[in-house]
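Reader: Could you go through this one with me, strand pairing to begin with and then the packing?

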Amino acid sequence: MARFVPQRLQNIIRWLANIIPWRLTLKEEEERRRSLTSEELKKVRGELNVLEEIRSRLEKRNQTLEQERLRLEDSSKREVEERIKTEAGLQREREEKSAAQAVLQRSKTETASLQRQLEVQERESKGTKNELQHLKLQHTELTSLLETRTRELKGAQAFLTKADSLSGADVIKLVEGLNSEILQTAAFISDSFDFDRSQANAEEMKEASSRISELMGATMTRYITTMKHGDDPLIVQIALQAAMVEFTRWMAMTWDYDSLQAEQPLAEIYNDIREGENQAVAGRWRALTRAHAQKIAFSESDLHGTMVAHVSDTLVVVMVSAGCTKNYEESYRTFTMKFGERVSNVVKMATRLNKAMGQEVTSADLWLTHAGAGENFDATSMEDLDGLEGGDKPQAGVVLCTTGLGLQRSEKVTKDDVVDFKNTPLLKPRVALESVAEGMDRDA
């Protein structure tokens, strides 16, 4: 315990040890004082008082020091207790720190283990991602390949299928409908105009005659320009029919409406394919080529308007050459107002027939047939204007023009490795013979 007493307290204790002997000396001095004189006694009393005061102060000082000692002891005790508590706290902190360090070490170990596991998982995940990316790439490639093969298969199926959208009977009805519309249109037009070969329109008639000669042939041109049509416009009607038949035959058979200037090359290519490939392939090639060539050549509305204008112009020229009392401009204006709709129907039917024969029938080839001007009448392949065949009339005469289209089916056949084409007439063309003009009046 002494080692904890402060230095100041030790100094006070030493000072008190020096003062206590003085008290013993005072007793001795009191005995001596009794024997002193009064003056000396006074002197001694004064000194005693001083000493008493000193003693009193020393006692008070001693009490203070005692209190200070007690306070210091108490403070020292508290300091010891606090130090013990502090050491206990430090011990607990050291233990806690040691436990925390152990936990930290375990955590570090676990973290390192988890880090290694994470690295392994990351490598596995990276490998999985790479594999997934590879699988996605393979899937994309397979999907693209599947789409390509699907398109190729559809294209192959389109070429290999032999199914027709229309039968031969359906196409025959279309041809007969077109012939009927041409007949009625020509009859209505010829009956709606007056004809008088006056000199007022001589120049126009001459120019018109020159224009139709290539289309109609020399004999028909002569009949139109030399006969009187005022009372009986039959020749005009036949000429109008012939003009529409030739124009619609071209429309129904064309590849590109002459817009691409590829009619002859495409026809030659098709003939070569037809001879070298089977009918399914050749038919589908024809259907696809004709569809796309016409799509590039014209839009549907532009094509229709252009064809109607060409047909209308040709028919008006025929009437002007026949001696129509109106000039070309007046005739064309009247014609379009009265017969524009009928000509439009004829054009629609011809373009429909083009699609039917060129795109919707692929198992065989269908051709529109006609008889050329100047050919001898053949009852086995044609019928005359009145629908009578050779058995009802003498099988003789010369063809003036074709007034109704015929239809023929051509199919590729192979026998004993020999390729040939079988042609079957489905509908005979109708013709007018030169004898139709017999007995009609002619201009002088």
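Reader: What stands opposite Cys401 in β6?
Author: In this predicted model, where local features need pLDDT of at least 70, side-chain atom pairs count only at pLDDT 80 or more, and totals for chains, interfaces and linings use all residues, Cys401 faces Ala432 in β6. Numbering starts from 1 along each chain as its sequence is written, and side-chain values use heavy atoms, with hydrogens and water left out.

Reader: And in which sense do β3 and β6 pair?
Author: The pairing of β3 with β6 (residues 430–433) is antiparallel over 4 bridges, strands being DSSP runs of E with at least two residues, and helices runs of H or I with at least four; two strands pair if DSSP finds at least two bridges between them. Gly404 is opposite Arg430 in β6.

Reader: Which strands stand at the edges?
Author: The open, mixed sheet has 3 strands in the order β2-β6-β3. β2 (383–384) and β3 (399–404) are at the edges with a single partner strand each, so one side of each has no neighbour in the sheet.

Reader: Is β3 mostly covered or exposed?
Author: Mostly covered, since 6 of its 6 residues are buried, meaning under 20% relative accessible area with a 1.4 Å probe, protein chains only.

Reader: Switching to packing, how many residues has the largest nonpolar core?
Author: It has 62 residues, a core being a set of buried Ala, Val, Leu, Ile, Met, Phe, Trp, Tyr and Cys residues joined through side-chain atoms within 4.5 Å. α6 contributes the most to this core, with 12 residues.

How values were computed:
Buried means under 20% relative accessible area, exposed over 50%, partly exposed in between (1.4 Å probe, protein chains only).
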